[in-house]
Amino acid sequence: MIKTPICELLGIKYPIFQGGMAWIADGKLAAAVSNAGGLGIISAMNAGTDYLKEQIDIARNLTDKPFGVNIMLMSPHVEEIAQIVVDEKIPVVVTGAGNPGKYIKQWLDADIKVIPVVASVAMAKLMTRAGASAIIAEGGESGGHVGDVTTMCLIPQVCDSTTLPVIAAGGIADGRGVSAVFMLGAQGVQLGTKFLVAKECSVHQNYKEKVLKATDISTITTGKRLGHPVRSIKNPFSRDYFKAEYSSISEEELEAMGVGSLRLAAIEGDEKKGCFLSGQIAGMITKEQTAKEIIEEIFEETEKILKGANKWVK
Ligand code: TUI
C-alpha cells in the first residue's frame, strides 16, 4: 500500500488529486474520484455561485468522502466563490492561476485546508509564509494555464524551498510518473488529463477522442503574448490563435478570440472552434477507464516500481 502524510492530512486512501479542469471537473467526476480513494475536485472555473452550489450538491449525493473545490483566481466571481466554500464547509480548497493570499486567513479560520497551485519557487515560498496547508507544484507539461518550468526541474526545487507537503502535477499519468515525482520529493500527485478520459467524466466524447488519439507532440502553448500561456491540443482553433499572436492584431482582439472556446470544446465538442486543453502526457493515454480502475492501476504499478527501486544499487 502507498501511504504518505497527505493521506492522513486530508482523510484520503491514495495520495492522488483529480485536477480542477474548467468546464470538465464537475460534481459527478469529483465524487467518482473520491469514492475511489483519491481527492475529487470540483472546478468553480468562471461560473457563478449557483453552478458551484449545484455541483457540490451533486457530489454530496454521490459520496460521503471528502472532496475539494478548485478556485480559478482569474474568475470574475472569485469573491463570492471564496465565501461559498466557507458556507458549504468544503474541507479542501485548491487555487490556480494567481495569488490566493487575501483569502487564505478566511479559509483557514473556517478549518479549510488551503492548497495553492504554484508554477515557481517564488510563489511556493510566498504561499508557505502565507500559511498554506500544502503546495501543488505544477510543471509546464500540464494542460491549461501553464508556467515555464518542467515538472522534473520544478518539483525538487519547490521541495527544497518549503517545509510543506508538495503534490506534483504536470506530465503524470501512470505509476512511473508517480514513482518519479516521489523520488523528486513529492508526497502526492495531481492528474488532470488522465481523469478527463474517466468513464464518469461527462466531457464531450470528441474531447476524449482527441486525448486518446494524441501523440507526444500533439499539444501547443498559445497566449504567451497575453501573459497567460495555455496548453491545448493542436487543431484549427489553436493553430489560428498561434498565428494571430505573431500577427499585428491587438491584444484585445487576441483576448476576444479565446472567449467561449473552452466551453465549445468541453460541452459542444467543436473540433474546429474549441480549445481542447490537455497536458503533454495525452500521448500516453489510450483507454477509457473508471476512476477506480485508473487509481488502482496507477498505485499497483507505483508499488511495484518503488519496491524494485533498489535494483541498481550494488
Ligand atoms: O490554473 C491552472 N490551469 C488552468 S486555469 C484555466 S482557465 C483559463 N482560461 C483561459 C486562460 C487562462 C486560464 C485553465 N487551466 N493551473 C494552475 C496554475 N496556476 N498554473 C499556473 C498557475 C499560477 C500562475 C501564476 C499560479 C500562481 C501564479 O501567480 C501569479 C502571481 O500573481 O504572482
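Predicted model: local features only at pLDDT ≥ 70, side-chain atom pairs only at ≥ 80, totals over all residues.
How far is a nitrogen atom of the ligand from an N or O atom in the side chain of Glu138? In this model the separation is 3.1 Å, which falls under our definition of a polar contact, a pair of N or O atoms within 3.5 Å. Residues are numbered from 1 along each chain as its sequence is written, and side-chain values use heavy atoms, with hydrogens and water left out.

Staying with the ligand, a nitrogen atom lies 2.9 Å from a polar backbone atom of Ala97, and a nitrogen atom is 3.0 Å from a polar backbone atom of His145. On its own the ligand has 720 Å² of accessible area (Shrake-Rupley method, 1.4 Å probe), of which the protein covers 71%. The ligand is surrounded by 16 residues (a heavy atom within 4 Å), and the closest are Ala97, Gly98, Val117, Glu138 and His145. At least three residues of this shell come from each of domain 1 (5-202) and domain 2 (219-277), with bounds from an automatic or database domain assignment.

Let me turn to the second largest pocket, whose volume is about 160 Å³. A pocket here is an open set of points on a 1 Å grid over the protein atoms alone, where a 1.4 Å probe fits, with protein on both sides within 12 Å along at least five of seven lines, and lining residues have an atom within 4 Å of a point; the volume is the space filled by probe spheres set on the points. Its lining includes Glu141, Thr151, Met152 and Gln280, and helix H8 (175-183) gives the most to that lining, with three residues.

How values were computed
Helix = DSSP H or I, 4+ residues; strand = E, 2+ residues; numbered from the N terminus. Polar contact = N/O pair within 3.5 Å; in protein donor to acceptor, adjacent residues only side chain to side chain.
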